[in-house]
Structure formats: C-alpha cells, structure tokens
Amino acid sequence: MATKKPGFTTRQVHAGVVPDPVTGAILTPIYQTTTYVQESVDRYLAKGYSYSRSANPTVRALENKLTDLEGGTDTICFGTGMAAINGLYLAYLNAGDHAIVSDVVYGGTYRLSTKVYSRFGVEFSFVDTSDAANVRKAVRRNTKLILTETPANPTLKLTDLRAVSDVAREHGILHAVDNTFLTPYYQRPLELGADLVIHSTTKYFDGHNATVGGAIVVSSEEQAKSIRFIMNAGGMIMSPQVAFLTLQGCKTLSVRMERQAANALAIAKFLEGHPQVTWVAYPGLPSFPQHELARRQASGFGAMLSFEVKGGVAAGKALMDRIRLWTLAENLGSVESLITHPVTMTHADVEPAERQRIGLTDGLVRLSVGLEDADDLIAALRDALDG
Ligand SMILES: Cc1ncc(COP(=O)(O)O)c(C=O)c1O
C-alpha cells in the first residue's frame with residue numbers, strides 16, 4: 001500500500017535529520033570541525049566530507065530539510081541571505097550579461113546589483129514584475145536571469161510567479177524567487193514554474209532573532225553543482241552553529257507563521273479603520289490591489305505589512321519613538337514584533353527618485369508582526385497613533 005507523503009508540519013520536524021549515529025542524540029550535533037580524517041589518499045572515512053568550507057554535516061542536515069520543504073532537488077546554504085544572492089549572481093552572471101530584478105526588492109539586493117555588480121559590466125533592469133508583460137518587454141538578447149521577490153520588501157507588491165516563470169521558460173532564462181517573506185509553508189515557487197528559490201534564513205526559518213543565514217534551493221543537479229562550486233570557491237559558508245539553531249527554528253515554522261499571520265490580519269484591519277492611517281498594504285485584506293493573486297498563488301498571507309501615517313516622515317518617526325512593545329529594529333520574521341522605517345533603515349541605499357517611482361514613500365512604516373497577543377500589539381499601536 002502506497003503511504004501518503006507526510007504533511008508540511010510533520011516534515012518540518014523530521015525531514016533531513018536522523019538521530020546522531022554515534023550517541024543517539026536526538027538533535028543533529030554541531031559538528032565543530034575544520035577537517036575530516038581520510039583513511040587513505042583517495043578514501044575519506046566519513047563519506048562526502050573533506051573540509052568544512054566545502055561541506056559540514058550540521059549544515060548538510062539543514063540543506064536537506066530546506067530541500068524537502070521547498071520541494072527542490074538540493075539546497076546550498078550560505079552565510080547570509082545576501083551571500084546567497086551574491087552566490088546566485090556569481091553563478092549565472094558574466095560581464096556583458098543582463099538581469100531583470102523586481103523594482104521593489106530588499107534594499108541590500110538593490111545595493112549589490114547597482115553598486116557592486118554594475119562595476120563588473122553586468123546590466124540590471126528594475127522592472128515592475130507585478131505584470132509579466134513588463135518582464136517580457138524587458139528581456140534582451142543577453143538576459144540571463146530574472147530575480148523576483150514576492151511579496152516584496154517593503155510595499156508587499158506581488159509578482160505572478162507562474163506568468164513570469166512562463167516568460168522565463170519561453171526565453172530560456174533562469175527565474176529565481178526570493179521567498180523569504182512567505183516561506184514554503186505558504187508559497188512554493190518551484191511548483192509554480194520557478195527554477196531557484198532564495199532565502200534569508202535569518203528571518204522565518206530561524207524565527208528567534210538568533211542568527212544570520214541564507215540558502216538557495218535548486219531544481220536540478222546541474223544548478224546544485226554550479227552554485228555549490230561558487231559557495232566553496234568564494235568561502236561563503238553558513239557555520240554549523242547557525243545551521244543548528246536554524247534547524248530548531250524550522251521545527252515550529254508553520255505554527256509560528258499561522259499565529260503571526262493571524263495577528264497580522266487583525267492588525268491590518270485595525271489600522272485600516274484608524275483615522276491617522278492613509279493606507280495599509282497587507283495581501284490578506286480584500287482592499288489589497290492584488291488580493292486575488294495572493295489567494296491564488298499562496299496558501300497564506302504572511303506576517304509582514306506596511307502602512308502610511310498621515311503627516312509623512314515626521315509623523316512616522318514620532319510614531320516609532322512613541323511606541324511601546326514593538327521594537328524599532330532591522331530584521332523581520334522573528335517572534336518579537338518589530339517596527340521599521342524603510343526609507344532611513346532597510347532601504348536607505350535606494351536613491352530618492354527610485355523610491356518615489358516604486359511607491360516607497362517617506363512616511364511608510366513596515367511591521368514584522370510577531371507572536372505576542374494581538375490585543376497587546378493593537379493596544380500599543382493605538383496608543384502611539386492617538387499620541
Ligand atoms: C526579502 C529579503 N531578501 C534577502 C535579505 C537579505 O538577507 P540577510 O540579511 O540574511 O543577508 C533580506 C533582509 O532583510 C530580505 O528581507
């Protein structure tokens with residue numbers, strides 16, 4: 001009798017890990033070692049491990065878990081989410097190549113593209129990927145990569161992953177998706193036709209503000225080989241301690257996501273009704289312009305939202321100075337609720353004209369909704385908004 005594939009929550013606990021074969025320890029140990037003893041010149045004692053820049057068993061356990069959760073072929077972990085994006089670029093972009101990137105992306109992705117890779121003769125077009133027709137129009141003879149982020153940081157704009165994947169496939173271009181905001185619990189880009197998935201594991205996989213890490217989930221052995229080569233050549237590793245903590249975070253991912261998303265919806269509804277708030281962007285609100293797309297391509301709406309306070313920058317800053325319970329900090333996805341002013345914090349490197357063009361307004365406030373009681377989070381926002 002064929003057995004049914006276990007559900008996501010079962011797999012997030014068990015996939016990729018086995019009790020330690022030496023001691024029976026239930027948690028995969030932190031393999032704190034530089035090198036691995038060889039039996040002879042051409043034989044390793046433990047299969048596959050030679051030196052911890054190339055591979056490490058604790059990191060490998062996390063890679064196997066992420067591969068299972070995203071439904072990929074393999075995963076390569078990196079020292080941070082930005083190292084993963086750097087690894088993607090190094091693997092697929094050469095001087096003279098062109099890449100299409102979502103116009104609303106994490107500020108660090110924009111910075112890496114415009115301030116680093118442009119120095120090496122790689123061209124970028126920042127395109128409104130919410131309409132696949134824009135992507136089609138932006139394709140050039142030398143386009144090698146499309147990188148989309150959805151929901152995008154910080155305006156939550158969505159990309160239709162199936163439509164953009166179709167354009168990519170038609171032109172023989174790779175489509176990589178930054179799935180940091182929704183995680184595979186709510187959105188699985190490979191099932192929608194994408195080729196590669198990027199994660200900042202710093203965010204929801206860790207979930208506890210404990211680490212920085214990144215990963216690329218691939219859909220072919222060939223991609224795994226190219227990206228692992230770059231990771232090893234560039235020494236862009238994740239440490240075993242980070243992998244260990246991230247493995248523990250993964251085990252509660254779906255439970256945290258559901259509770260944090262429920263909190264986010266309650267907060268979005270509250271903000272929408274507050275007289276001091278001009279607009280609220282949360283894909284779970286019927287008023288969100290791409291609400292239907294959110295329902296179609298994801299099984300949940302996540303726990304990130306942004307809103308604009310009446311009174312612009314001054315009002316936004318005053319709100320953040322006044323608010324209690326919410327922590328003013330960069331980062332997102334953790335159990336602690338965080339509040340951010342993207343224009344001066346996460347997206348400070350995006351030029352003012354570009355910010356204007358993509359709707360990243362000066363008064364925009366971004367919330368990463370945590371695991372506290374929704375009533376407490378709403379009461380703190382109400383007090384701060386009411387002044
Ligand atoms: C969507 C997204 N991708 C990538 C990154 C970069 O990840 P890291 O900070 O782990 O380098 C971030 C960081 O905020 C992010 O929000």
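Modeller: In the pairing of strands, V277 stands opposite V309 in β11. The model is a predicted one, in which local features need pLDDT of at least 70 and side-chain atom pairs count only at pLDDT 80 or more, while totals for chains, interfaces and linings use all residues. Residue numbers start from 1 along each chain as its sequence is written.

β11 covers residues 304-309. Strands here are DSSP runs of E with at least two residues, helices are runs of H or I with at least four, and both are numbered from the N terminus. Two strands pair if DSSP finds at least two bridges between them. On one side, β11 pairs with β10 (residues 277-281) in the antiparallel sense, over four bridges. The pairing of β11 with β14 (residues 364-368) is also antiparallel and has five bridges. In β14, L364 stands opposite E308.

These strands belong to an open sheet of five, in the order β10-β11-β14-β13-β12, with mixed pairing. β10 and β12 (327-328) are at the edges with a single partner strand each, so one side of each has no neighbour in the sheet. At the β12 end, two bridges join β12 to β13 (residues 338-340), and these two strands run parallel. There, L328 has I339 in β13 as its bridge partner.

Back to β11: six of its six residues are buried.

Apart from its neighbours within four places in sequence, L305 is in contact with L156, A264, I267, A268, V280, A281, Y282, L367 and V369. Contact means that the two C-beta atoms, placed from the backbone, lie within 7 Å. L305 is also among the residues with the most contacts inside the largest nonpolar core, together with L88, L196 and I216. That core has 105 residues. A nonpolar core is a set of buried Ala, Val, Leu, Ile, Met, Phe, Trp, Tyr and Cys residues joined through C-beta atoms within 7 Å. Its largest share, eight residues, comes from helix α10 (residues 253-272). The core takes at least three residues from each of domain 1 (8-250) and domain 2 (253-386).

These domain bounds come from an automatic or database assignment. By C-alpha atoms, the centres of domain 1 and domain 2 are separated by 26 Å. Between them, 34 residues of domain 1 are in contact with 35 residues of domain 2. On the domain 1 side, α1 (8-14), α4 (107-116), α6 (161-171), α7 (183-186) and α9 (240-250) each supply at least two residues. By class, this side has 17 nonpolar, 12 polar and five charged residues. Ala, Val, Leu, Ile, Met, Phe, Trp, Tyr, Cys and Pro count as nonpolar, Asp, Glu, Lys and Arg as charged, and the others, Gly among them, as polar.

Notes: Buried ≥ 20, exposed ≤ 12 C-beta atoms within 10 Å, placed from the backbone.
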